[in-house]
Amino acid sequence: MNPRLISAAIALSLSAILLGTGVYESVVVAPNLQGAPSSLEHARGFYHATNPGTFFRVISPGTQLFLLLALVCNWSPIPFTRWRLAGALALAILGDVITFKFHYPRNTILFIDPLTRSAADLDRVATEWAAGNYIRIAVILIAVVLVMVSMIRIARDTAPGAYVCSNSSTTR
Amino acid sequence: MKTAISQSTQHAASPSASDRKEEYSGNRSGPDLGLERSRRGTLGLVSSFLPLLLLSMLFGASSFQLAVDAPNWTGVPALEHYRAFYPVINPGTFFRTLLPTALFALLAALVCNWRPIPATRWRLAGALALMILVGVLTFTFHFPRNKILFGDPLTRPAAYYNQVVTEWVAGDYLRLVMILTAVVLVAVAMIRIARDTAPRELRDSNSSDALKGLLQ
């Protein structure tokens with residue numbers, strides 16, 4: 001195993017973890033936010049020790065860090081891999097930009113501010129939150145595919161010489 | 001002119017359909033074989049790609065549950081809030097879809113990569129066995145505790161529920177370790193398949209690079 005492959009593999013695992021949690025939130029959490037204000041009161045009552053933010057504040061920068069590491073480790077050998085990993089990193093950053101600009105203001109309304117707005121207004125905010133999450137999932141999915149394709153290329157490029165020789169001789 | 005004559009001779013001497021069939025099945029040309037191998041290789045690679053994605057997603061969702069949900073299951077009021085927050089769709093809905101899909105994708109990857117490399121076959125079979133074990137653990141260990149925490153009336157003392165949550169979390173750590181091992185096995189298998197199905201020109205350039213390295 002070499003650092004080029006390991007850094008890409010860790011970046012891939014973390015991106016896929018991020019994708020899995022994003023899908024989990026869309027499938028399990030988002031539909032239950034409907035039916036405000038009681039649904040939001042229960043969510044606030046339940047998330048008293050930790051909340052999803054605790055998890056994403058660790059996993060999201062971790063993913064970006066390992067994507068950057070994979071990009072640095074694979075900068076020079078293959079231009080295609082470099083740009084794919086750079087694209088994945090840009091998408092991971094875009095995912096965070098969406099989180100900060102779109103989801104954070106809605107998180108404040110749904111989980112922090114006093115529930116003084118109308119039920120219809122709160123439900124609309126929850127619907128917007130869910131729609132934004134679909135975009136975030138699409139962005140991360142593209143990043144995962146880019147890292148996966150890069151990893152396949154890196155795996156082929158870093159195949160040990162002896163293995164490649166024996167493999168190509170058996171193929172012929 | 002020479003080409004025209006040879007083409008007409010070829011046309012005149014073209015074999016019958018049965019002869020062609022016999023010739024095709026008996027002595028297939030190199031490029032055809034290469035194309036079929038390439039198709040099989042692509043299928044093998046794509047089939048290993050999907051379970052890796054699904055298993056990593058499963059690992060992500062399970063670790064999210066362990067890190068975000070489980071610490072909040074402290075005390076009867078929190079469990080009441082949890083039950084009220086998940087009236088129809090609950091985490092079970094998600095896992096009941098993703099786990100069988102991941103199992104099916106793993107089985108497909110195992111079938112598609114059964115023959116070429118024994119090491120890959122056993123890695124994928126190991127991952128499948130581990131994921132079946134995850135299912136067994138969920139049904140026999142977590143389901144009864146889920147029922148106590150999220151189904152039955154909350155009539156027992158808080159200490160009892162805390163004990164059940166502690167057990168649930170311990171079982172979940174075991175489940176996460178098994179999923180992570182399966183992810184690693186599938187990732188290593190995918191790397192091996194990717195190398196084995198590399199286009200010939202890449203292999204040749206790699207082997208010539210390796211030879212250059214040995215000579216230097």
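Q: Why is B:Tyr82 called buried?

A: In this predicted model, B:Tyr82 has a relative accessible area of 4%. Buried means under 20% relative accessible area, exposed over 50%, and partly exposed in between (1.4 Å probe, protein chains only). B:Tyr82 therefore counts as buried.

Q: What makes B:Tyr82 and B:Tyr86 an edge-to-face pair?

A: Rings of Phe, Tyr and Trp (its six-membered ring) pair if their centres lie within 6.5 Å; planes under 30 degrees apart count as stacked, over 60 as edge-to-face and the rest as tilted. For B:Tyr82 and B:Tyr86 the centres are 4.7 Å apart and the planes 65° apart, so the pair is edge-to-face. B:Tyr86 is buried because its relative accessibility is 6%.

Q: What makes B:Tyr160 and B:Tyr161 an edge-to-face pair, and why is B:Tyr160 called partly exposed?

A: The ring centres of B:Tyr160 and B:Tyr161 lie 5.5 Å apart, with 75° between the planes, which gives an edge-to-face pair. B:Tyr160 has a relative accessible area of 27%, so B:Tyr160 is partly exposed. B:Tyr161, at 3%, is buried.

Q: Which residues form one aromatic cluster with B:Tyr82 and B:Tyr86?

A: The cluster also holds A:Phe46, A:Tyr47, B:Trp73, B:Phe85, B:Phe150 and B:Trp168. Over all chains, the structure has 20 aromatic pairs.

Q: Why does B:Leu45 count as buried, and what is B:Leu45 in contact with?

A: The relative accessibility of B:Leu45 is 9%, so this residue counts as buried. B:Leu45 sits in helix α3 (residues 30-69) of chain B. Contact means heavy atoms within 4.5 Å. Beyond its neighbours within four places in sequence, B:Leu45 touches A:Ile152, A:Arg156, B:Met190, B:Ile193, B:Ala194 and B:Thr197. The C-alpha atoms of B:Leu45 and B:Arg195 are 9.8 Å apart, although 150 residues separate them in sequence.

Q: On what basis is the model read?

A: Residues are numbered from 1 along each chain as its sequence is written, and chains are lettered from A and ligands numbered from 1 in the order written. Local features need pLDDT of at least 70, side-chain atom pairs count only at pLDDT 80 or more, and totals for chains, interfaces and linings use all residues, while side-chain values use heavy atoms, leaving out hydrogens and water.

Conventions
Helix = DSSP H or I, 4+ residues; strand = E, 2+ residues; numbered from the N terminus.
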